[in-house]
Amino acid sequence: MRRHFLPVLACVPALAAHAQFTLPESDLWLLVLEAPATSEPQRLTARPGYDNQPFFSPDGRFIYYTRGGTPGTPAEGYTDLARLDPAGGEDTVLAATPLSEFSPRPIPGEAGLAAVQVQADGAQWLVHFDPATGEFTRLGRADNVGYHAWLDRRRVALLLVEEPNRLVLLDLESEKCLPIAAPAGRSLHAIRPLDALLLVAISPESQRIESWDPLTHQRLPLIALPERSEDFGRAPNGDLWTASGSKLYRWHPGEDRNWSLAAELAPYGIAGITRLAVSPDGRALVLVATEP
């Protein structure tokens, strides 16, 4: 039987300032991972505006991402959920609403997607999106959700937008939140079926990746992120990937003492790399470039 050793807290609401955002220019790129190097990257999006926050579908066929409205139109600054098929080239907006939706991720064992939806008053809700009906259903009662990662269909880690940002584990059945870390970064990865969570812990000295055990509530420091890096991705074999500027790095726990340079992507016009996601089979990586 699991026991909780830390106090259980409520998800305290804190409204965002406005439903519209200032969004950077960004595009998605796909790399096929071929040890020890990577293939020539394939550009997946090349339109003006914001294409960001990628995440693979469980079967690896699709990439879900956040698509910003076209600059210079009334939709500029708002975002929708989108799905991209790298093999077939199909790029589909899943939901075009008057609100903003971002951070699409599958829920284990559930159809549809989880995402964050920004309400007209600036509240940021965790929601379930059903592509068959186009309907959104609120999950939990937090009004200040930034990002999320799912351990299973009942338990989800939430980064709550506060001062500082606070990472908690929400049990959707009991509506109780278990504190994990504060301050914490936006990059979250659930490890299934090991039932663990990878997070970024922030201190004045560094930002480092840690592993959190929901059974014992212990946090284990793993490795500091490189300078100018705040995002990482995890492969099924345990490899971690991150980037700084135009450089892509890999770290294999248990083998490497530090990050090793996997690729220099400046020759392909890729720079300002932020978010990364690795496919479920570990053979591909999608990244976000914010600079030409």
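About 210 Å³ of space lies in the largest cavity of this predicted model, and the count comes to one cavity of 30 Å³ or more. Its lining is made up of 17 residues, and β4, β8, β12 and β24 are the elements that each give two or more residues to that lining. A second topic of this briefing is an open sheet of four strands, in which the order is β16-β17-β18-β19 and the pairing is antiparallel.

**The cavity and its lining**

- Among the 17 residues that line the largest cavity, those that lie nearest its centre are Gln53, Pro54, Arg105, Arg186 and Arg275.
- Sorted by class, the lining of the largest cavity consists of eight nonpolar, five polar and four charged residues.
- The elements that give two or more residues to this lining span residues 51-56 in the case of β4, 100-106 for β8, 145-150 for β12 and 271-278 for β24.

**The four-stranded sheet as a whole**

- The sheet is open, with four strands in the order β16-β17-β18-β19 and antiparallel pairing.
- Because β16 (189-191) and β19 (219-224) stand at the edges and each has a single partner strand, one side of each is left without a neighbour in the sheet.
- On average, and with direction ignored, neighbouring strands of this sheet are turned by 30° against each other.

**From β16 to β17**

- Strand β17, which covers residues 196-202, pairs with β16 in the antiparallel sense, and three bridges connect the two.
- His189 stands opposite Leu198, a residue of β17.

**From β17 to β18**

- β17 is joined to strand β18, which comprises residues 207-212, by six bridges, and the two strands run antiparallel.
- These two strands, β17 and β18, form a hairpin in which four residues lie between them.
- Across this pairing, Leu197 stands opposite Trp212, which belongs to β18.

**From β18 to β19**

- The pairing of β18 with β19 is again in the antiparallel sense and extends over five bridges.
- β18 and β19 likewise form a hairpin, here with six residues between them, and His217, which sits in the turn, has a positive phi of about 65°.
- Which residue of β19 is the bridge partner of Trp212? That partner is Arg219, while Leu197 stands opposite Trp212 as well.

Conventions
Residues numbered from 1 in each chain as written. Predicted model: local features only at pLDDT ≥ 70, side-chain atom pairs only at ≥ 80, totals over all residues. Heavy atoms only, no water. Pairing = 2+ DSSP bridges. Axes fitted to C-alpha atoms, helices over the stretch in contact; angles between N-to-C directions. 1 Å grid on protein atoms, 1.4 Å probe; cavity = no way out; pocket = protein on both sides within 12 Å on 5 of 7 lines; lining within 4 Å. Points joined across faces, edges and corners; volume = space filled by probe spheres on them. Nonpolar A, V, L, I, M, F, W, Y, C, P; charged D, E, K, R; others polar.
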